[in-house]
Amino acid sequence: MSAPHKKTAGRSLLVTSAAALSSLALTAPVALAAPSPSPSASPSATPPANMSTVGGSRLGQAGTQVNLASGVPVLPKDVTARSWIVTDAESGDVLAAHNAHWRLPPASTMKMLFADTVLPKFAKTEKHKVVPSDLAGMGAGSSLVGIKEGETYTVHDLWLGVFLRSGNDAVHVLSAMNKGVAKTVTEMNEHAEALQALDTHVVSPDGYDAPGQVSSAYDLTLFARSGLQKKDFREYCSTVTAKFPGETKTDKKGKTVRKPFEIQNTNRLLSGDYDISQYQGIAGVKNGNTTNAGATFTGVAERNGRVLLVTVMHPSKEEHNEVYKETAKLFDWGFKAAGKVQPVGELVPPKGAAQSSAQPGDSGEAGGSGDSAGSGASAKPVASATADGGSRGMGTALAITGGLLALLAGAAFLVNRRWPLPDLVRRRSSRP
């Protein structure tokens with residue numbers, strides 16, 4: 001089980017000088033970004049020689065980047081992903097990476113950027129009646145949660161559909177509420193640029209394969225890190241099972257009924273499967289899989305007060321749940337190496353972060369309510385909470401995991417901007 005957080009001087013933001021914070025606000029000129037993506041539908045099996053150097057020059061180099069030294073564990077040798085990255089979510093240190101800036105099709109991991117962009121716009125209690133145009137333009141074979149025309153759903157329902165079932169139908173309905181797919185795509189691209197995710201080009205908000213739609217392991221990690229600062233984002237991405245509204249029908253007695261059905265998170269490190277266990281400390285984030293992208297995944301996990309983010313894109317080994325197995329191996333390495341290995345780069349803060357106010361502010365959760373846990377907040381875990389709409393299981397507990405966590409990125413991006421992970425790990429058994 002995860003041990004309580006240990007107090008370390010490096011994790012206190014209150015003693016960080018203004019000058020130091022300013023130095024963290026690295027800007028990434030366009031010149032550092034990789035060339036524009038090719039319209040080709042199939043990515044090359046070989047990484048390009050010229051990749052972005054956002055976050056550090058070594059991250060732009062092809063191949064594996066890691067500083068092995070005495071006491072640093074050796075990386076797992078059976079990781080076959082085209083691209084991966086292991087980062088400390090709080091400090092932003094990149095502990096190791098492999099083709100981190102390779103621009104590849106992201107599949108449904110792109111939904112992290114969609115959520116980070118759109119989630120703050122609508123209160124979770126807001127309702128929407130679905131019309132046929134809301135569901136237009138979805139790709140053939142899209143993953144669906146089962147939204148029906150003519151039915152009314154809350155925004156909370158729709159986000160559960162996005163995160164648990166990776167429902168492209170839920171994404172399109174939320175995009176329609178946001179005045180259309182085209183507007184949503186534009187806003188997503190703008191938000192990616194603001195996050196300095198310069199490898200990313202959005203064509204479809206749901207991540208469905210489209211010519212020119214690309215991202216990178218580095219950028220997907222930026223999206224997860226930004227999204228995890230939002231309370232609602234953390235809740236949805238960590239929910240294991242939930243009740244989703246079914247179709248309105250008339251029963252044998254002539255009574256109108258609308259029975260909900262259960263949906264389960266397709267993140268197998270969170271929900272488990274016959275060939276893989278729940279990962280100790282896992283708290284989200286998002287998976288994806290398409291013909292073009294292969295399997296993609298970004299996960300966040302916490303152990304012994306250390307919070308890591310791992311992104312894996314397109315393993316070449318075609319075994320069941322391979323992307324999760326490789327992610328678990330990289331998590332295992334990261335938790336052993338953290339504090340021992342010298343970083344090879346860093347996760348940059350959003351543009352202008354150090355120039356913004358360092359005062360506590362709106363975390364961007366749905367409905368506009370704040371998500372700031374002040375310095376006087378108790379570090380004692382609070383009671384488990386059950387999400388609205390029938391969500392259940394360990395994935396909806398919003399307890400502080402033994403201490404207040406803070407991202408180290410740039411002044412407004414981190415000072416008093418705490419993001420307690422859901423208390424997922426306390427009742428989960430360790431992986432073998």
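Buried means under 20% relative accessible area, exposed over 50%, and partly exposed in between, with a 1.4 Å probe and protein chains only. The model is predicted, so local features need pLDDT of at least 70 and side-chain atom pairs count only at pLDDT 80 or more, while totals for chains, interfaces and linings use all residues. Residues are numbered from 1 along each chain as its sequence is written, and side-chain values use heavy atoms, with hydrogens and water left out.

**View 1. Leu-228 in a loop between two helices.** Leu-228 is buried, because its relative accessible area is 0%. Ala-283 is 55 residues from Leu-228 in sequence, with 9.9 Å between their C-alpha atoms.

**View 2. The largest nonpolar core, of 64 residues.** Such a core is a set of buried Ala, Val, Leu, Ile, Met, Phe, Trp, Tyr and Cys residues joined through side-chain atoms within 4.5 Å. Ile-147, Trp-159, Phe-163, Tyr-218 and Phe-233 touch the most other members. Helix H3 (residues 155–165) gives the most to this core, seven residues.

**View 3. Surroundings of Phe-163.** Leaving aside residues up to four places away in sequence, Phe-163 is in contact (heavy atoms within 4.5 Å) with Ala-115, Phe-233, Tyr-236, Cys-237, Asn-265 and Lys-286.

Definitions and conventions. Helices (H or I, at least four residues) and strands (E, at least two) are DSSP runs, numbered from the N terminus.
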